[in-house]
Amino acid sequence: MREFLYDYYTFLTKSVEILAFVVGLIVYKKYKNTPVKYFIWFLGWIVFVETIGNYPRHLKDYNLDYLIEGTLIERNYWWFTLFWTSAATFFYSWFFSLRYKSYVFKQIIKICQFIYLLFLLITIFYDPLAFFSYRLEHLSILSVLVILLSLIFYFIELINSERLTNISRSIYFYIAVTIFVWWLVTTPLSFFEKYFTEADWDFIMIKWYIYLISNILMYSIFAFALIWCNPKQDV
């Protein structure tokens, strides 16, 4: 039953991710001369990362889990730390910094990116066992702070610009608001990662439901925004 629920959760999450990416490919021509094309590429990157990142389950399904048993990559925390948490940190902070007119904001974000990279490298080389064994709270928190700060700077610039009157068709606005809410909702769950065990199935179910609903809403809004928005409104 538990494996069925996990497979159901994975299937629905993967479906909405693919949906957003496919929609992005369909409307790609509309955004090919704008930075939004990089966002569409990133949606494809997410599908790739999620697919490969589930390798422990894939190997188990084919009775090949013995290949990674007892190795550093037995669990997939390292994969998602590098290719989701870190990649999202750098991509979203860079993506929204493209909208800044303030030189100070751009420099602050660059400094934050450097600090995150420094902490990441120190963690990998100083305590590699922890890096491969579980989710690192300090990197998760730092990632959220960098992303939220980049979003706050975007909102500040939006309020102080003439673009505020065109936000109903601005894809940057939809992406920013969606990501802001998603991170605020899901970040607290990472603090309770140590409870993500067979000993506390109720917490596992709550966590899955929250992530599932959050992901469905986020990727559905991304798909809607890609269709609805007009890139000319963001010039």
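A cavity here is a set of points, on a 1 Å grid over the protein atoms alone, where a 1.4 Å probe fits but cannot get out. Grid points are joined across faces, edges and corners, and a volume is the space filled by probe spheres set on the points. This is a predicted model, where local features need pLDDT of at least 70, side-chain atom pairs count only at pLDDT 80 or more, and totals for chains, interfaces and linings use all residues. Residues are numbered from 1 along each chain as its sequence is written, and side-chain values use heavy atoms, with hydrogens and water left out.

View 1. The largest cavity comes to about 40 Å³. Its lining (residues with an atom within 4 Å of a point) is made up of Thr81, Thr85, Arg135, Leu136, Leu139 and Ser140. Two or more lining residues each come from α5 (77–97) and α8 (137–159). Helices are DSSP runs of H or I with at least four residues, strands are E runs of at least two, and both are numbered from the N terminus.

**View 2. The whole helical fold.** Count the elements and you get 10 helices and zero strands. Buried residues (under 20% relative accessible area, with a 1.4 Å probe and protein chains only) account for 46% of the 235 residues.

**View 3. Asn215 in its helix.** Look along helix α10 (residues 201–228) and you'll find Asn215. Asn215 is buried because its relative accessibility is 6%. Leaving aside residues up to four places away in sequence, Asn215 is in contact (heavy atoms within 4.5 Å) with Tyr9, Thr13, Val16 and Trp182.

**View 4. Thr178 and its partners.** Helix α9 (residues 171–190) carries Thr178, which counts as buried because its relative accessibility is 9%. Not counting residues up to four places away in sequence, Thr178 touches Met218, Ile221 and Phe222. Thr178 and Phe222 sit 44 residues apart in sequence, but their C-alpha atoms are 8.1 Å apart in space.

**View 5. A nonpolar patch on the surface.** Ile111, Phe114, Ile115, Leu118, Phe119, Ile122 and Tyr126 make up this patch, with about 760 Å² of accessible area together. Patch residues have over 30% relative accessible area and no salt bridge, and nonpolar side chains are joined within 5 Å. A salt bridge puts a side-chain nitrogen of Lys or Arg within 4 Å of a carboxyl oxygen of Asp or Glu. Phe119 belongs to helix α6 (residues 103–126).

Key
Buried < 20%, exposed > 50% of the residue type's maximum accessible area, 1.4 Å probe, protein only. Patch = residues over 30% accessible without salt bridge, like charges linked within 9 Å, V, L, I, M, F, W, Y side chains within 5 Å. Areas by Shrake-Rupley, 256 points an atom, 1.4 Å probe, with all protein chains shown as cover. 1 Å grid on protein atoms, 1.4 Å probe; cavity = no way out; pocket = protein on both sides within 12 Å on 5 of 7 lines; lining within 4 Å.
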